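I wanted to go through the charged side-chain pairs in this model one by one. These are my notes.

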Amino acid sequence: MNSREVSFAFSQQFDLDVDQAQKGNRLTRSWQIENSGSVNHRVAENIVIAVSGSNDSKDRNADLVASESKTVDCAEKDSFPNKSSEDLKKPETLKIPNDFLCPISLELMRDPVIVATGQTYERSCIQRWIDTGNSTCPKTQQKLEHLTLTPNYVLRSLITQWCIEHKVEQPTGLANGRIKKSDGSFRDVSGDMETIQATVRKISSQSIEERRAAVSEIRSLSKRSTDNRILIAGAGAIPVLVNLLTSEDTSIQEHTVTAILNLSIYEDNKGLIMLAGAVPSIVQVLRAGSVEARENAAATLFSLSLVDENKIIIGASGAIPALVELLENGSTRGKKDAATALFNLCIYQGNKGRAVRAGIITALLKMLTDSRNCMVDEALTILSVLASNQEAKVAIVKASTIPVLIDLLRTGIPRNKENAAAILLSLCKRDPENLACVSRLGAVVPLTELAKDGTERANRKATSLLGHLRRLQQH
């Protein structure tokens, strides 16, 4: 099966009305893999799956949206709330360090990213450069070996500090109690800022009741809007919340991990959460928290893993065994959250072996053979990602998964037939023994039917596998 470098695009929707928690609204997710230069990994092409939570699952206290603002958020506690707009210096009134300027626009960068040559550019500028068909570095003219754009968190932090020191309006668009909107206009959020700053201060209260109430309020505020997520992070809440992840108070821990999940929805907060060292504590919650806390810890790891380099950090943190355990033994929603996170983490090649060693193949096989068929989609999609890895391939075959996949070729829904054919093709490439096993188990008939009546992708996979089987018979 042809594999290619991919980027992982997602959309998630969570019901916004906390009072509807008893109505059993469904959590919906869609995952789609698109061609582009992203992390240096390989994955089964064009996998598309839709995941739905069960009707009895609780509402998620978050609003994950597909298109998030790309405005840089800063971690400083105040953005000059006591200064008038006249007190704020414009960037052009003093010399901006050259390293803070985008080589393309020559403007102060708000979302600096690193390209393959090691040069840093403003994300929107270099993305436009790439989107217009260019494959070289604008500054060095070297060919870009890949098109990954890696956030430069260190430089972003330095720019933020410099802006504060020189009283420069920060690239976040948050200054003097106003937030810059996408149309260039400003919205006055000074009242919201004061309320949020007061609430953030209460998170560190000596009174456990006051701490519990404050973190519950932050959880609620962080759910409501992007502006709130910017303001909460700007008030310095993230490091304080990370410290509360290890609280022995169950309620505080649940509110905290959910608040961090909500804050992570805003793209730039992901970097601040990682910089605060949140991952080990999130993994601890994933291992030993309450049912709700474990579910939201898994969802948080998924959200953070949408940034490519975070896949590596999270994979090395011990999160994968904890996610596999949740996949096997968690609640229905917990299993789905674990599956989502594991799928995304396993897009990175280095995490596939970790998942196999954590026992993911056994867990996925149980999902495939579960008579309720509630998570067959997820199991097949994860197997499609893993099957390109040699260690995973051996484990998949050893677990006697091939007969199950062939049965799905006969009886599965169209999407499951596609993924089953894709997995079998991956297992059989350059492996005569697996190919002979597939032939012996009678895969030719369902594959022929799939090549004739299946979707375009199913046709392609089935036709390719049939070709391998014909060549085997000719030898």
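The entries below cover salt bridges first, then one threonine.

**Entry 1: the overall count.** I am working from a predicted model. I looked up how many salt bridges the structure holds. The count is 17.

**Entry 2: Glu122 and Arg110.** I looked up the partner of Glu122 and found a salt bridge to Arg110. The closest N and O atoms are 4.0 Å apart. Glu122 sits in strand S7, residues 120–122, and Arg110 in the loop between strand S5 (48–52) and strand S6 (112–114), so the pair ties together parts twelve residues apart in sequence.

**Entry 3: Lys311 and Asp308.** I then checked accessibility. Lys311 has a relative accessible area of 0% and is buried. Asp308 has 16% relative accessibility and also counts as buried.

**Entry 4: Arg457 and Glu418.** I looked up a pair that joins two helices. The side chains of Arg457 and Glu418 form a salt bridge, 3.4 Å from N to O. Arg457 belongs to helix H22 (residues 456–474) and Glu418 to helix H19 (residues 414–428), so this contact ties together parts 39 residues apart in sequence. I checked burial for both ends. Arg457 is buried at 7% relative accessibility. Glu418 is buried at 14%.

**Entry 5: a network.** Which residues are linked in a network of salt bridges? I found Asp111, Arg123, Arg156 and Asp268 linked in this way.

**Entry 6: Thr117.** I turned to a residue in the loop between S6 and S7. Thr117 has a relative accessible area of 24%, so I logged this threonine as partly exposed. What does Thr117 touch, leaving out residues up to four places away in sequence? The list is Cys137, Thr140, Gln142 and Leu144. I followed up one of these, Thr140. Thr117 and Thr140 are 23 residues apart along the chain, and their C-alpha atoms are separated by 8.0 Å.

Methods: Residues are numbered from 1 along each chain as its sequence is written. This is a predicted model: local features need pLDDT of at least 70, side-chain atom pairs count only at pLDDT 80 or more; totals for chains, interfaces and linings use all residues. Side-chain values use heavy atoms; hydrogens and water are left out. Helices (H or I, at least four residues) and strands (E, at least two) are DSSP runs, numbered from the N terminus. Buried means under 20% relative accessible area, exposed over 50%, partly exposed in between (1.4 Å probe, protein chains only). Contact means heavy atoms within 4.5 Å.
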